[in-house]
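I'm opening my notebook to look at how this chain is put together.

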Amino acid sequence: MTSWWQKAVVYQIYPRSFQDSNGDGIGDIPGIISRLDYLQLLGITAIWLSPVYKSPNDDNGYDISDYEDIMDEFGSMADMEELIQEANKRDIKIVMDLVVNHTSDEHAWFVEAKKGKENPYRDYYVWRDPVNGDVPNDLHSAFSGSAWEYDEASGQYYLHLFSKKQPDLNWENKKVRQEVYDMMNFWLEKGIGGFRMDVIDLIGKLPDQSITGNGPMLHTYLQEMNQATFGSQDVMTVGETWGATPEIAKLYSDPIRNELSMVFQFEHIGLDQQEGKDKWDLKPLSIGQLKQILSKWQTSLGREGWNSLFWNNHDLPRIVSRWGNDKEYRVESAKMFAIVLHMMKGTPYIYQGEEIGMTNCPISTIDEVDDIESINMYNERLDQGYTKEAIIESINAKGRDNARTPMQWDNSAHAGFTTGTPWLHVNPNYPEINVKQSLADEDSVFYTYKKLIELRKEHAIVVWGEYELIEETAEEVFAYYREFSGEKWLVVANFSESNQTFTLEEEIGEVLVHNYHTSLPKSGEVLLKPYEAFATKILKNV
């Protein structure tokens with residue numbers, strides 16, 4: 001049985017940075033509604049909406065204080081219902097971001113839990129006694145420091161794998177699980193198209209054994225969730241699973257297991273990180289490794305799982321700056337990344353601004369940084385003796401603010417994002433890189449994305465075809481075949497800013513998409529220009 005999400009292209013919106021409608025400098029839900037026609041023109045099937053729930057915003061909405069209400073800055077529940085309806089009119093589904101590993105410390109459950117050990121909500125969270133007058137164990141927060149925070153009133157510690165304002169929920173408590181399922185059904189009844197599940201691989205944690213990801217009860221909980229909520233509905237579910245291998249991904253997404261539609265795997269995302277170190281410890285990308293990892297995920301799931309395809313999200317630097325060339329070859333390399341990814345098997349995700357080739361936004365001092373993760377790392381590394389310059393270099397490469405600068409709509413003040421003062425600086429390159437300019441230029445990055453989405457909608461080979469990496473190429477050349485029902489396509493990309501050669505072993509027919517205006521030979525040797533990429537039909541063997 002096939003599902004709509006197998007043929008879908010998903011567009012991620014980070015609401016705070018997408019479109020402000022009331023001049024307060026913060027993107028909002030009415031702003032999103034005002035841009036739905038643009039997204040319909042692009043051709044997407046669904047919007048993954050980063051959290052819009054009530055939140056004190058310690059971690060930009062990933063710290064939720066009320067799952068069944070909307071953050072004041074973003075609008076009202078009536079606005080949210082209008083967004084769902086207006087998107088549905090345009091055949092666009094709204095996928096909500098589900099954050100249930102933790103809540104905000106301002107959530108009513110945690111406010112109650114802090115009142116004392118006998119409170120009925122105490123066991124909604126993870127509390128432990130001190131060990132030898134100190135933290136229960138050496139679990140570390142993803143945002144620096146210990147994962148345990150001392151509560152003076154009760155003399156106990158509570159667990160927070162992220163900020164201390166994000167206490168972890170205790171999924172071993174059946175009442176917690178039922179509360180989550182009730183909340184999920186609340187949203188499903190409003191007509192949403194599914195859930196993206198934030199750090200879902202952590203809900204099975206066993207903190208006493210220092211087990212955080214992939215705990216022994218994780219899949220039992222997900223099967224219970226499936227049965228209690230979305231299992232009988234035609235919706236999409238995608239789990240954020242940092243530690244997933246193909247075998248683990250099958251546990252989540254094999255249809256017979258009744259868990260999730262697919263997962264986000266991040267194996268390729270760590271390729272510019274030094275082995276065994278943090279994401280801030282940089283090393284050059286190995287294109288050979290990238291090819292092997294993406295190809296492994298293309299071939300190893302078979303019919304026992306489903307791939308999600310992405311370069312960018314709200315936590316990652318812009319791909320064109322990260323692994324491309326965001327200066328003289330910005331357009332070519334942005335199109336190259338699009339062609340390589342969107343011709344693969346799986347569900348592609350586009351992060352807002354990716355479709356116009358938005359870039360990282362370098363900063364020079366820590367005062368320009370909003371992101372809690374970057375600020376905490378800066379202070380921690382200063383204490384460890386790193387130089388300010390080295391830390392800023394890491395933040396410019398990997399900091400989360402890179403993805404969160406406001407969407408660039410036009411060349412008016414603040415890129416058309418707001419009439420007020422934006423909550424985060426706008427990238428100064430907005431006069432050259434913006435939606436208005438992209439729509440007016442038929443050779444823009446936008447129209448390559450639009451074409452790739454059309455190809456997926458019109459050709460079953462893109463959705464269902466088998467994948468085969470072409471091994472005999474220069475390291476910098478990423479080439480592969482797709483094959484389905486007697487049809488065969490070839491995709492070729494030069495991942496470098498120097499010329500490369502590639503040999504066409506078979507005669508090519510129609511060129512489906514190409515990021516240069518040059519013609520290709522029918523067979524034989526092709527000289528690939530910097531970041532050149534194309535997809536073409538194969539006619540026959542030479």
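Before I pair anything up, a rule: two strands count as paired if DSSP finds at least two bridges between them. I also keep in mind that this is a predicted model.

**Entry: β9 and its neighbours.** I looked up what stands opposite Gly194, and found Met236 in β10. To get from β9 to β10, the chain crosses through helix α6 (residues 218-228), and this β-α-β crossover is right-handed. β9 and β10 (residues 236-240) pair in the parallel sense over four bridges. I then checked β5, which pairs with β9, also parallel, over four bridges. Here Asp97 stands opposite Arg196 of β9.

**Entry: side chains on β9.** Which way do they point? Gly194 and Arg196 go one way, Phe195 and Met197 the other, and all are buried.

**Entry: the whole sheet.** I followed eight strands in the order β11-β10-β9-β5-β2-β1-β13-β12, an open sheet with parallel pairing. Its edge strands are β11 (262-264) and β12 (308-309), each pairing on one side only. I also checked β1 (residues 10-13) with β13 (residues 347-351): three bridges, parallel. Gln12 has Tyr351 in β13 as its bridge partner.

Entry: I found helix α3 (residues 77-89) lying across β2 and β5, at about 140° to β5.

**Entry: records and domains.** An unreviewed UniProt entry lists residues 12-404 as "Glycosyl hydrolase family 13 catalytic". Over that stretch I noted 32% helix and 12% strand. Last, the centres of domain 3 and domain 4 are 40 Å apart, taken over C-alpha atoms.

Terms used
Residues are numbered from 1 along each chain as its sequence is written. This is a predicted model: local features need pLDDT of at least 70, side-chain atom pairs count only at pLDDT 80 or more; totals for chains, interfaces and linings use all residues. Side-chain values use heavy atoms; hydrogens and water are left out. Helices (H or I, at least four residues) and strands (E, at least two) are DSSP runs, numbered from the N terminus. Contact means heavy atoms within 4.5 Å. Axes are lines fitted to C-alpha atoms, for helices over the stretch in contact, and angles run from 0 to 180 degrees between N-to-C directions. UniProt positions are given in the numbering used here, feature names are shortened, and annotations may be inferred rather than shown by experiment. Domain bounds come from an automatic or database domain assignment. Buried means under 20% relative accessible area, exposed over 50%, partly exposed in between (1.4 Å probe, protein chains only). A crossover is right-handed if, with the strands pointing away from the viewer, the path from the first strand over the helix to the second runs clockwise.
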